[in-house]
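Here is a short briefing for a first look at this protein.

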Amino acid sequence: MELYSKIMLRFWFILGAVSAIYCTYKGFTEGFNQWAFMYVFSAIAFFMFFMKRMLIRRFNKQMHIPEEQRPNK
């Protein structure tokens with residue numbers, strides 16, 4: 001599962017960066033009024049990257065807590 005998390009973390013970052021670069025390029029060549037809405041997709045990809053990173057850190061921190069100190073659900 002750790003390998004999958006690392007792969008997905010990189011995937012979201014690369015997708016966000018590539019889509020932002022592509023939208024910027026197309027904005028300069030064809031006009032930003034036609035391509036401005038595409039920045040939403042790169043924003044969503046970066047949001048997914050940061051959420052995934054936050055959840056990985058939280059999970060790793062929680063795994064280091066001894067069993068007797070974990071809150072019961």
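From the N terminus on, the elements run α-α-α. The protein has three helices and zero strands; these are DSSP runs numbered from the N terminus, with helices (H or I) of at least four residues and strands (E) of at least two. The model is predicted: local features need pLDDT of at least 70, side-chain atom pairs count only at pLDDT 80 or more, and totals for chains, interfaces and linings use all residues. Residues are numbered from 1 along each chain as its sequence is written, and side-chain values use heavy atoms, without hydrogens and water.

**Surface patch**
- Phe 37, Val 40, Phe 41, Ile 44, Phe 47, Met 48, Met 51, Met 54 and Leu 55 make a nonpolar surface patch of about 850 Å².
- Such a patch joins nonpolar side chains (Val, Leu, Ile, Met, Phe, Trp, Tyr) within 5 Å, from residues with over 30% relative accessible area and no salt bridge; a salt bridge is a side-chain nitrogen of Lys or Arg within 4 Å of a carboxyl oxygen of Asp or Glu.
- Accessible areas come from the Shrake-Rupley method with a 1.4 Å probe.
- Met 48 is found in helix 3.
- Met 48 counts as partly exposed because its relative accessibility is 33%, and that class runs between the buried limit of 20% and the exposed limit of 50%.

Conventions. Patch = residues over 30% accessible without salt bridge, like charges linked within 9 Å, V, L, I, M, F, W, Y side chains within 5 Å. Buried < 20%, exposed > 50% of the residue type's maximum accessible area, 1.4 Å probe, protein only.
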